[in-house]
Amino acid sequence: MLIKKRESWHLSENEVTDEAAYLSRRNFIRSAGAAIGASSIVGATGALQAASERSLLPLQYAKTAFDPGETLTPYEAVTQYNNYYEFGTGKGDPAEHAWRLEPKPWSVTVEGLVDKPGTYAFEDLVDMKNLEERIYRLRCVEAWSMVIPWIGVPLSSILRKLGPKPEAKYVAFETLADRNQMRGLRSFFKVLDWPYVEGLRMDEAMNDLTFMAVGLYGKELPNQNGAPLRLVVPWKYGFKSIKSIVNIRFTDTMPKTSWGRSAPSEYGFYSNVNPNVDHPRWSQRSERRIGEFGKRQTLMFNGYEEQVAHLYKDMDLKRNY
Ligand code: MTE
């Protein structure tokens, strides 16, 4: 991604991060902790501290056919190699610092072109009795990818409850922005304009693949992954998957997005995974699957072409990147 003030130390994460080295360092810390008897190491490493801060409840959910049949990315990588700039720009920062986030109780305000605006408790928005598991590929714009078993509900089940008006053409989302809980917001360098914002066209939002995750690997979402609820749009670059949502707004105009606002020539509204459209600073043809050696080809729409290509059938995807 891009940091607004491009300092000499700033390179995009895919230029600087060797995730294999990064994760093996973490694993080393972890196994050292296990061998020695964790307490002193736990105190010294934020990631482990984070894990111990909040116990994540197991969830009841139904298995589904949404499963690419690929090796799952290990839990440690999914929860310790993150992008959540509100907690810092390093891949380990969210796991280290997001323990300050308080996901319970949580409420979401709903506004705009909708029949039932208001403030909803998390429990009134997400039907916790009807959770399902969706195993999806996650392809970051930085050219790394994972395979993650999410738990949640289709976004459409939430939006239908709210009753979008026919004039609503888009839905916009906003992340919590709290300087007390999020150290990135107190940082001297302003990486992004807060709150983090994202949006979808209404038909994208209602697509069967579009998911609101409240958990992963069978348990509640860790804070660093966007507790208590975050979007998952598997055919789009990961930055569409906005975390810790506090506001949903229905609108008839295309909403601003955080990365689009920060660098419009690099990050468009659609952000569909597309190996034929390079990022201005790097190729999108291939990706590094976290935990694998070598690279694999990036697939059109991240491999979900059959389900979503029709949404863009008359569009020039080079112009609408
Ligand atoms: N949401 C917020 N609020 N802040 C962020 O910095 N990063 C995005 C997305 N959602 C981000 C965010 C990016 S760039 C990616 S790749 C995914 O979260 C990463 O999700 P993960 O950490 O659960 O893998």
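Mentor: Let's start with a term: a salt bridge is a side-chain nitrogen of Lys or Arg within 4 Å of a carboxyl oxygen of Asp or Glu. Before we use it, note that this is a predicted model, where local features need pLDDT of at least 70, side-chain atom pairs count only at pLDDT 80 or more, and totals for chains, interfaces and linings use all residues. Residues are numbered from 1 along each chain as its sequence is written, and side-chain values use heavy atoms, with hydrogens and water left out.

Trainee: How many salt bridges does a search of the whole structure find?

Mentor: Side chains of opposite charge can pair when their charged atoms come close. Here the search turns up 17 salt bridges. One of them joins the side chains of Glu-70 and Arg-296, at 3.9 Å from N to O. Glu-70 is in the loop between helix H4 (46–53) and helix H5 (75–80), while Arg-296 is in strand E12 (residues 296–297), so this pair ties together parts that are 226 residues apart in sequence. Helices (H or I, at least four residues) and strands (E, at least two) are DSSP runs, numbered from the N terminus.

Trainee: Which residues are closest to the ligand?

Mentor: A residue is near a molecule if one of its heavy atoms lies within 4 Å of it. By that rule 17 residues surround the ligand, and the closest are Tyr-85, Glu-86, Arg-230, Ser-241 and Lys-243. The shell splits into eight nonpolar, six polar and three charged residues.

Trainee: Which peptide bonds are cis, and where are they?

Mentor: Most residues other than glycine have a negative phi, and most peptide bonds are trans. The bond from Lys-104 to Pro-105 is cis, with omega near -5 degrees, and Pro-105 is in the loop between helix H6 (93–97) and strand E1 (107–112). The bond from Trp-194 to Pro-195 is also cis, with omega near 0 degrees.

How values were computed:
Nonpolar A, V, L, I, M, F, W, Y, C, P; charged D, E, K, R; others polar.
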